[in-house]
Amino acid sequence: MGKASKTNKLGKSRVRRAHNIPHGCKGFATATVAEVSRLLKSLRARRLLSVVFIEKAVMSETNPVERPEAAPVAIIAVEHVFKSVTDSTGTLTILRDIDFSLAAKETAAIVGASGSGKSTLLSIIAGLDTPTQGTVRLAGQDIFAISEDDRAALRAQKVGFVFQSFQLMANLTALENVMLPLELSGTRNARALATEMLGRVGLSQRLGHYPKVLSGGEQQRVALARAFVVQPAVLLADEPTGSLDFATGETVMKLMFELNQELGTTLVLVTHDQSIAAQCQRKITIEAGQVVPQNL
Ligand SMILES: Nc1ncnc2c1ncn2[C@@H]1O[C@H](COP(=O)(O)OP(=O)(O)OP(=O)(O)O)[C@@H](O)[C@H]1O
Ligand SMILES: [Mg+2]
C-alpha cells in the first residue's frame with residue numbers, strides 16, 4: 001500500500017478519536033497540514049534556537065556582573081492541586097494540596113502505595129483530568145485557564161503520555177498506533193519514524209500486529225514508542241516498565257534517559273520500582289494524596 005493511501009486510511013477522524021480531539025479544535029481543524037507540520041517538526045530546532053537566543057542575550061549584556069541571576073523557568077509547575085470526587089457514597093479527597101515544580105530536563109519519580117493518587121496526579125499534570133482546586137502550568141501556561149481545545153493542542157505539541165493501561169487503538173496495528181501522533185502533526189515521514197522507534201523498543205517484528213495479539217509488555221512498548229516518537233518536551237509515564245521483564249525494562253529506561261539527555265525531555269515517571277526512582281534526580285512520594293514533605 002502506498003504512503004498516500006495509508007495516510008488516507010488512518011484518516012482525520014481516527015486521529016481525532018485517538019487523541020480525543022473535539023471537532024472544531026483550532027490546533028487541528030483550522031491549521032493547514034503544512035502549518036502544523038512546520039510547528040511540530042521544529043520542536044527540537046526551536047528548543048535549540050531558544051538556547052542560542054538566550055546565549056546571545058547573555059553575551060550582549062554590557063555589564064553581566066550586575067545582571068540578576070535568572071530564575072530557571074519551570075517546565076511543570078503543580079500549584080496547590082486538590083482533587084475530590086463525589087458520588088452517592090460521599091466525597092473522596094484523592095489529592096490534597098500538591099505543590100511542586102520541575103525545571104526543563106529534570107527527571108522525577110512519583111512513588112507511593114497503590115491508591116495514593118499517583119495516576120490521578122499524572123493525569124492532572126497532562127490536563128487529561130481537572131483539579132478541584134489549584135492549577136498546573138506547562139512552560140508557564142496555566143493549562144486550566146485555556147479552552148479544552150487549546151489544552152489538547154498544547155498537549156499534542158509538548159506532552160508524551162504513557163497510560164498505565166496503555167490505551168492503544170484496538171483497530172490499528174502497532175505501526176499505525178505509533179504513526180498516529182505524527183499523522184496529527186502532519187509529519188511527512190511518519191512511517192519511517194514510527195518504524196524506527198518501534199525498532200528501538202525491540203518491536204521490529206511486530207509492526208503489522210494488532211494490540212489484541214500482542215503481549216502486555218509488547219503493548220506497553222508500543223505505547224512508549226507512540227509517546228517517544230514526537231520527541232515531546234515532557235514525557236509523563238505511568239509505571240512504564242510495569243509489564244516488562246527486567247532486560248526489556250532496562251532497555252526502555254535507557255531509551256527514556258537518552259531522550260532526556262539528547263533532547264532535554266523532562267521525565268516524570270510513576271513507579272513502584274525503587275531502582276528506577278533512584279535513577280531520577282527527584283523523588284516525590286505521595287501518601288494518601290499528599291506529598292511527603294521531606295521529599296520536596
Ligand atoms: N473517578 C474516581 N472516582 C472515585 N474514586 C476514584 C476516581 N479516580 C480515582 N479514584 C480513587 O482515588 C484513589 C487514587 O487513585 P489512583 O489511580 O490515582 O492511585 P495510584 O496511586 O495510581 O494507584 P496504583 O499504584 O494502584 O496505580 C484510589 O483510591 C481510587 O480508587
Ligand atoms: Mg496508578
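**Briefing: ligand shell and helix packing**

In this chain, residues 24 or more positions apart account for 72% of the contacts that have a separation of 6 or more. The model is a predicted one, and its secondary structure comes to eleven helices and ten strands. Of the 296 residues in the chain, 36% are buried.

- The shell around ligand 1 consists of Val85, Leu92, Ile94, Gly112, Ser114, Gly115, Ser116, Gly117, Lys118, Ser119, Thr120 and Gln164.
- Sorted by class, the residues of this shell are eight polar, three nonpolar and one charged.
- Two elements, strand S2 (90-103) and helix H5 (118-125), each supply at least two residues of the shell around ligand 1, and H5 gives the most, with three residues.
- H5 is itself mostly covered, since six of its eight residues are buried; these are Lys118, Thr120, Leu121, Leu122, Ile124 and Ile125.
- After H5 comes Gly127, which has a positive phi, near 75 degrees.

**Helix H7 against helix H8**

- Helix H7 (residues 174-184) packs with helix H8 (residues 190-200) at an angle of about 125 degrees, and the two axes are 9 Å apart.
- On the H7 side the contact involves Ala174, Leu175, Val178, Met179, Leu182 and Glu183, which meet Ala190, Arg191, Leu193, Ala194, Thr195, Met197 and Leu198 of H8.
- The contact of H7 with H8 has ten nonpolar residues, together with two charged and one polar.

**Helix H7 against helix H9**

- H7 also packs with helix H9 (residues 216-228), their axes coming within 8 Å and crossing at roughly 25 degrees.
- Because angles under 35 degrees count as roughly parallel, H7 and H9 are roughly parallel to each other.
- The crossing of H7 and H9 is right-handed, and the contact is made by Ala174, Asn177, Val178, Leu180 and Pro181 of H7 with Val222, Ala225 and Arg226 of H9.
- The residues in the contact of H7 with H9 divide by class into six nonpolar, one polar and one charged.
- Ala174 and Val178 of H7 take part in the contact with H8 and also in the contact with H9.

**Gly208 in the loop between H8 and H9**

- Gly208 lies in the loop that runs between H8 and H9.
- Gly208 is exposed, because it has 9 other C-beta atoms within 10 Å, and a residue with 12 or fewer is counted as exposed.
- Leaving aside residues up to four places away in sequence, Gly208 touches Thr173 and Leu175, and Leu175 is one of the H7 residues that meet H8.
- Gly208 and Leu172 are 36 residues apart along the chain, and their C-alpha atoms are separated by 8.8 Å.

Technical notes
Residues are numbered from 1 along each chain as its sequence is written. Chains are lettered from A and ligands numbered from 1 in the order in which they are written. This is a predicted model: local features need pLDDT of at least 70, side-chain atom pairs count only at pLDDT 80 or more; totals for chains, interfaces and linings use all residues. A residue is near a molecule or strand if its C-beta atom, placed from the backbone, lies within 6 Å of it. Helices (H or I, at least four residues) and strands (E, at least two) are DSSP runs, numbered from the N terminus. Ala, Val, Leu, Ile, Met, Phe, Trp, Tyr, Cys and Pro count as nonpolar, Asp, Glu, Lys and Arg as charged, and the others, Gly among them, as polar. A residue is buried if 20 or more other C-beta atoms lie within 10 Å of its own, exposed if 12 or fewer, and partly exposed in between; C-beta atoms are placed from the backbone. Axes are lines fitted to C-alpha atoms, for helices over the stretch in contact, and angles run from 0 to 180 degrees between N-to-C directions. Two residues are in contact if their C-beta atoms, placed from the backbone, lie within 7 Å. Angles under 35 degrees count as roughly parallel, over 145 as roughly antiparallel, 65 to 115 as roughly perpendicular and the rest as oblique. A crossing is left-handed if the near helix is turned anticlockwise from the far one by less than a right angle, and right-handed if clockwise.
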